[in-house]
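Please read the briefing below with the sequence and the model open beside it.

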Number of protein chains: 4
Amino acid sequence: MPQSMARQLIDCHPTGYHTLDRKKLEAAILALYESAQAATANADAILNANLIRDMTDCLRSCLDAADVAETAAKVLSRATGYDPSITGPVLAAAAATLERCGEECARHASMHMHCRLCAETCRAGAKAVREMLDVVKG
Amino acid sequence: MPQSMARQLIDCHPTGYHTLDRKKLEAAILALYESAQAATANADAILNANLIRDMTDCLRSCLDAADVAETAAKVLSRATGYDPSITGPVLAAAAATLERCGEECARHASMHMHCRLCAETCRAGAKAVREMLDVVKG
Amino acid sequence: MPQSMARQLIDCHPTGYHTLDRKKLEAAILALYESAQAATANADAILNANLIRDMTDCLRSCLDAADVAETAAKVLSRATGYDPSITGPVLAAAAATLERCGEECARHASMHMHCRLCAETCRAGAKAVREMLDVVKG
Amino acid sequence: MPQSMARQLIDCHPTGYHTLDRKKLEAAILALYESAQAATANADAILNANLIRDMTDCLRSCLDAADVAETAAKVLSRATGYDPSITGPVLAAAAATLERCGEECARHASMHMHCRLCAETCRAGAKAVREMLDVVKG
């Protein structure tokens with residue numbers, strides 16, 4: 001398997017990403033972008049679903065997930081002036097938001113394939129973020 | 001003073017923003033966008049400062065502040081399916097990020113007017129967010 | 001009227017914002033952030049409207065407007081290495097997106113106050129962006 | 001090769017992504033997120049490079065690329081109310097921004113591996129976006 005571009009950029013950073021586990025860092029960054037995309041696409045798909053009135057909470061949680069995941073991915077992609085007292089709360093917010101989105105989408109998973117896919121992606125994203133959070137908290 | 005557009009939209013939301021204090025909600029949303037803009041502009045100004053090598057941590061904290069503040073502003077602007085267990089951590093991350101940005105910028109305030117202005121804005125933003133966070137935590 | 005923080009930061013930028021009209025620059029930046037907020041809040045309000053099935057295009061145009069306006073505001077907030085061949089297309093995309101959002105929201109303005117407010121804001125935003133675009137194109 | 005989550009979500013969208021070429025759509029979405037991540041990481045890496053004063057234009061072009069690519073990825077991820085008069089200018093802005101970032105980074109490619117990687121990624125991103133733009137323009 002070829003290395004991801006994210007991992008290659010981690011590996012050639014001038015100062016390095018401190019003592020952070022690079023494999024978990026790479027996994028969290030990629031999972032956050034994948035979750036952001038899935039949540040954006042699912043929010044759009046829900047707009048066209050027949051049960052839109054029952055899915056407003058789900059749609060809102062997708063919009064939050066997309067925004068928070070993208071921001072966490074950018075914060076994690078930076079190594080300069082690393083400060084766990086910033087990275088920690090940002091990852092905690094991302095984990096909570098992705099977990100809620102996963103939960104909301106899972107409620108509609110049997111009816112809508114796009115919700116099932118988004119639930120899977122956000123739950124995997126939350127898991128990768130929680131593992132990274134353990135590293136950050138040391 | 002005319003009402004802000006943010007406040008007018010809060011006041012005509014179909015379901016309302018729950019029991020949240022609308023004045024503090026408006027203040028937090030506006031302060032978050034103002035902080036995001038100031039941090040974006042200050043990051044750019046720092047690029048041209050003579051002391052760039054001493055200011056890398058400051059620049060990075062501005063980029064984080066812009067991203068996290070914007071995301072928190074969007075989460076706060078949504079009322080559907082309000083969940084304090086999401087809004088809380090998102091606001092906590094924003095407060096921490098803005099406080100650090102304010103602190104980093106304040107270190108250069110006597111030398112660079114743009115850092116002084118950004119420090120003021122981010123500290124006011126953090127204060128508005130902390131007040132909103134007290135409301136959310138109930 | 002006190003000067004906006006955006007204008008104060010424009011005025012103390014180390015290299016200046018080139019020969020760009022500062023008043024129009026300030027107006028465009030502030031209008032873009034206001035449009036981004038209004039479109040975010042209106043997308044959420046629409047979720048709760050009774051006519052959601054007729055308003056899916058409107059909701060989607062609000063999400064696009066929020067994303068594109070925010071990005072254009074950030075690009076405009078930077079002066080370093082200014083390049084009209086980048087700023088131009090970014091502003092053109094923002095103007096088109098805000099105009100469409102204004103048009104979609106205006107169709108529901110008589111029924112929903114939040115759509116009326118969003119239509120006004122996005123149209124004013126598009127106007128400020130078009131004026132800035134004339135400056136950029138020289 | 002397993003299908004990307006982006007492609008799986010395209011394939012199960014309730015209304016479909018119109019007559020757009022799904023393979024090119026998937027390629028453009030993934031390339032835009034990869035470019036956004038690479039540009040974010042490279043901007044951070046540049047902060048630590050010794051030649052920072054010569055690289056301010058490069059750093060600024062990375063920040064623009066990250067913002068514009070992310071926004072274009074979100075607009076492309078939506079199918080509801082598809083309008084080529086919006087998608088077109090958004091993709092045109094993304095292509096121009098990624099091309100400039102690729103060019104700026106390529107100037108430092110022999111000195112900095114992170115710039116070489118970012119140049120490659122942004123150029124591949126621009127190419128995928130141009131191919132999608134041809135489809136959108138029909």
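In this predicted model, C:Asp67 is buried, because its relative accessible area is 6%, and buried means under 20%. C:Asp67 belongs to helix 3 of chain C, which covers residues 56-76.

**Around C:Asp67**

- Apart from neighbours within four places in sequence, C:Asp67 touches D:Thr71, D:Lys74 and D:Arg78.
- With D:Lys74, the side chain of C:Asp67 has a polar contact, made side chain to side chain at 3.4 Å.

**Chain A against chain D**

- In the contact between these two chains, 33 residues come from chain A and 32 residues from chain D.
- The area buried between chain A and chain D is about 2900 Å², and 64% of it lies on carbon and sulfur atoms.
- On the side of chain A, the residues that lose the most area to chain D are A:Met5, A:Leu9 and A:Gln37, which together account for 20% of what that side buries.
- Two salt bridges are found across the interface of chain A and chain D.
- D:Glu70 and A:Lys74 form a salt bridge in which the closest N and O atoms are 3.3 Å apart.
- There are also 12 residue pairs in polar contact across the interface of chain A and chain D, counting pairs with both residues at pLDDT 80 or more.
- Four elements of chain A give two or more residues to the side that touches chain D: helix 1 (5-11), helix 2 (22-47), helix 3 (56-76) and helix 5 (113-137).
- Which helix of chain A gives the most to that side? Helix 2 does, with 11 residues.
- Sorted by class, the side of chain A that touches chain D consists of 16 nonpolar, 10 polar and seven charged residues.

**How the copies are related**

- Two copies of a chain are related by a rotation about an axis and a shift along it.
- Chain B is superposed on chain A by a rotation of 180° with 0.0 Å of shift along the axis, at an RMSD of 0.0 Å.
- This is the relation of a two-fold axis.
- For chain A on chain D, the superposition is a rotation of 180° with 0.0 Å of shift along its axis, and the RMSD is 0.0 Å.
- Which residue of chain A comes closest to the rotation axis? A:Tyr33 does, with its C-alpha at 3.5 Å.
- Of the contact residues of chain A, 97% recur in chain D, and the same surface serves both copies.

**A salt bridge between chain A and chain B**

- Over all chains, the structure holds 56 salt bridges.
- One of them pairs A:Arg78 with B:Asp64, with the closest N and O atoms 2.7 Å apart.
- This pair crosses between chains: A:Arg78 is in the loop between helix 3 and helix 4 (84-106) of chain A, and B:Asp64 is in helix 3 (residues 56-76) of chain B.
- Are the two partners buried or exposed? A:Arg78 counts as buried because its relative accessibility is 7%, and B:Asp64 is buried because its relative accessible area is 3%.

**Salt bridges of B:Arg7**

- B:Arg7 forms a salt bridge with B:Asp11, where the closest N and O atoms are 3.1 Å apart.
- Both residues lie in helix 1 (residues 5-11) of chain B, and B:Arg7 and B:Asp11 are four residues apart, about one turn of the helix.
- B:Arg7 is buried, with a relative accessible area of 18%, while B:Asp11 counts as partly exposed at 33% relative accessibility.
- B:Arg7 also forms a salt bridge with B:Glu26, with the closest N and O atoms 3.6 Å apart.
- This pair links distant parts of the chain, since B:Arg7 is in helix 1 of chain B and B:Glu26 is in helix 2 (residues 22-47), 19 residues apart.
- B:Glu26 is buried, because its relative accessible area is 15%.

**A network of salt bridges**

- Through shared partners, salt bridges join A:Arg60, A:Asp64, A:Asp67, B:Lys74, B:Arg78 and C:Glu70 into one network.

Definitions and conventions: Residues numbered from 1 in each chain as written. Chains lettered and ligands numbered in written order. Predicted model: local features only at pLDDT ≥ 70, side-chain atom pairs only at ≥ 80, totals over all residues. Heavy atoms only, no water. Buried < 20%, exposed > 50% of the residue type's maximum accessible area, 1.4 Å probe, protein only. Polar contact = N/O pair within 3.5 Å; in protein donor to acceptor, adjacent residues only side chain to side chain. Contact = heavy atoms within 4.5 Å. Buried area = accessible area lost by both parts, 1.4 Å probe. Salt bridge = Lys/Arg side-chain N within 4 Å of Asp/Glu carboxyl O. Nonpolar A, V, L, I, M, F, W, Y, C, P; charged D, E, K, R; others polar. Least-squares fit on C-alpha atoms with pLDDT ≥ 70 in both.
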